[in-house]
Amino acid sequence: MKQFVFTEWNKKKLGILFEDGKAMEIRCYEADSILGNVYRARVSNLSPNINAAFVDIKKGESCYLSMDDYHGEKLKVGDLVTVQVVRDKIKTKRYAVTTDISLQGDYAVTTLFAPVGVSSKITDSARKKELKTLMQNLLIAEQDAQFYLAEGNVAEIERIKKLTLGGIIRTQAEHAEDAAITREIEGQARLLYSIMKKSEYATQYTCLYHTEVEYIKDIRRMHALQDVEIVTDIPEVTEAIPKIPLYTDEYTLTLRYSLASLLEKTLSKRAYLKSGAYLVIEPTEAMTVIDVNSGKSIKGKNAEEQFLKINIEAAKEIARQLRLRNISGIVMIDFINMKEESHNHGLMKNLAEYVRTDPVRTTVVDMTKLGLVELTRQKGKRALHEVFSEIK
């Protein structure tokens with residue numbers, strides 16, 4: 001059973017995803033988040049040595065634009081370019097932006113300058129083929145409709161030709177009705193064409209698209225999937241999504257779910273395992289380092305087998321802690337050393353399986369000669385410890 005508890009704690013809006021009573025994610029929604037917004041930005045600097053440009057979305061707010069995420073003619077300082085914010089400010093790093101504008105929905109993500117793909121988590125090959133064909137046909141039909149509306153306007157037709165649309169079908173589409181998927185993709189495609197048309201006449205720093213309030217968007221998506229119970233005492237949520245009841249019990253959600261204790265544990269450097277072993281989680285400027293400590297859990301003569309058991313238990317908890325703390329970037333894990341190569345292979349296989357369920361792309365890279373395991377987790381929002389360090 002899944003529950004998403006959404007409430008306010010210490011002037012921050014928090015969403016906690018529980019699975020079978022265990023906290024799996026803590027989402028902190030910051031009031032000034034601009035993730036997903038689309039701007040008409042001005043190029044302020046070019047850095048060929050790092051294959052990047054810096055663009056201002058407003059005066060004094062310079063963002064990082066990788067040339068790998070840019071589609072268009074060669075840039076020069078002073079040019080205007082339409083970008084979307086795809087990564088929050090993290091530590092000393094600026095916002096990251098892309099010209100591959102995308103709109104997310106329950107069943108699909110429609111994106112400029114992208115091929116059409118289907119979530120790898122959809123295992124039915126026949127359904128995958130159907131969904132891919134459906135999206136391809138819908139995007140072609142919408143482009144034809146745009147050409148029809150621009151009939152006689154040569155410049156407009158040429159502009160539309162440059163706007164190739166693609167995207168990805170999400171896992172939730174596997175069992176959804178085609179009619180619902182069609183409505184969503186058609187709406188996303190029309191909105192993308194509208195945004196790009198407006199951008200042609202927009203002045204610098206114009207916000208062309210405001211994404212829906214993030215917590216409303218997340219809750220709406222989870223509610224639509226019907227596999228998550230939403231529990232909230234925030235009236236704005238029930239006003240936006242009337243089918244969700246408002247929690248009004250005198251015993252507050254903060255107390256009912258022991259949120260203060262949960263946050264204290266999550267922000268601690270140590271995470272304890274049932275076996276008595278524990279993890280030490282240390283964020284640094286360059287990466288996050290996780291050390292697996294056996295504590296007092298080693299008993300008996302067969303230490304190697306116990307090391308394997310503890311390491312596998314630790315791997316499962318590490319996968320959970322990455323989601324819970326929203327740790328991103330490079331992660332180095334120092335598991336307990338094991339002599340048996342088969343044990344190390346089994347550990348890596350288990351770790352890869354545990355992180356596979358993470359909605360954020362997480363990749364187990366390799367085990368080094370020193371026995372350290374390297375993995376990466378895609379960057380997006382700030383880590384939980386960064387957000388809460390501001391209010392301590």
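Author: Buried means under 20% relative accessible area, exposed over 50%, and partly exposed in between (1.4 Å probe, protein chains only). This is a predicted model, in which local features need pLDDT of at least 70 and side-chain atom pairs count only at pLDDT 80 or more, while totals for chains, interfaces and linings use all residues. Residues are numbered from 1 along each chain as its sequence is written, and side-chain values use heavy atoms, with hydrogens and water left out.

Reader: Why does Ile-241 count as buried?

Author: Ile-241 has 6% relative accessibility. Buried requires a value under 20%, so Ile-241 counts as buried.

Reader: Which residues is Ile-241 in contact with, leaving aside its neighbours within four places in sequence?

Author: Contact means heavy atoms within 4.5 Å. On that basis, Ile-241 touches Ile-216, Ile-219, Arg-220 and His-223. The C-alpha atoms of Ile-241 and Arg-220 are separated by 7.1 Å, although these residues stand 21 apart along the chain.

Reader: What makes a set of residues a nonpolar core?

Author: Such a core is a set of buried Ala, Val, Leu, Ile, Met, Phe, Trp, Tyr and Cys residues joined through side-chain atoms within 4.5 Å. The largest one here has 31 residues, and Ile-185 is one of those with the most contacts inside it. Beyond four places in sequence, Ile-185 is in contact with Ala-108, Thr-110, Met-135, Leu-138, Leu-139 and Ile-169. Apart from this core lies another, of 27 residues, including Leu-322 and Phe-335.
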